[in-house]
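Morning, everyone. Today I'll talk about pockets. Please have a look at the model first.

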Amino acid sequence: MMKAYTELLTEVESCTSCSAHLPLGPRPVLQLHPSARILIAGQAPGKKVHRTGIPFDDASGDRLREWMGISKDTFYDEKQVAILPMGFCYPGTGKSGELPPRPECKQKWREQLLAQLSNVEITLVVGKYAQDYHFGHFNGSLTELVGAWEQYWPTMVPLPHPSPRNNIWLSKNPWFGKELVPLLQTKIAKILS
């Protein structure tokens, strides 16, 4: 029998499975409700999100909401939008930026949490680690995967990470903002109407 989502969320929120590997300690950050119709499958919270405990409470979130064409109120309405990163806690920083999401969340929680989301109509898959999970290990580049979005439409959409670090990618791929973003906004508006 499937656990009630409230019981499952309580277990996730009190999880300490990988606390020895977390520089700032455990603080799982996610948003989930069984009635959500939009799922954002992301990577892991950054340091700012760890501090606030609010998913995508940063410049990446601002850009993602812009791509989706929705307000903060809608974005943070758990009954509309589920946010399920590959790792729920801030993993720390390495030589070239933030470390990958810890694997424990995927192994221990991901399938149970996804099973709660039977009303999802579209999944936005943000970043390499989420894309590897949801699309398998795609043999091409991020540009090739995002460029192949029509293969997965309308139920799954691979997206570049909305981080300001991806400004160069966005400037080199203007088709993303001209073609995919307007379609995504229309689709999301229809789901939420």
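First, a term: helices (H or I, at least four residues) and strands (E, at least two) are DSSP runs, numbered from the N terminus. A pocket, on a 1 Å grid over the protein atoms alone, is an open set of points where a 1.4 Å probe fits, with protein on both sides within 12 Å along at least five of seven lines; lining residues have an atom within 4 Å of a point. This is a predicted model, where local features need pLDDT of at least 70 and side-chain atom pairs pLDDT 80 or more, while totals for chains, interfaces and linings use all residues. Residues are numbered from 1 along each chain as its sequence is written, and side-chain values use heavy atoms, without hydrogens and water.

The largest pocket holds about 1000 Å³. That volume is the space filled by probe spheres set on the points, which are joined across faces, edges and corners. It has 40 lining residues, and Gln-43, Glu-98, Gly-127, His-161 and Ser-163 are the closest to its centre. Helices H3 (59–68), H6 (128–135) and H7 (142–147) give two or more residues each, as do strands E3 (93–94) and E4 (97–98). H6 has the largest share, with 4 residues.

Now the second largest pocket. Its volume is about 160 Å³. Which helix gives the most to its lining? H6 again, with 3 residues. Helix H5 (103–114) also supplies at least two. Among the lining residues are Met-86, Arg-102, Lys-106 and Asp-132.
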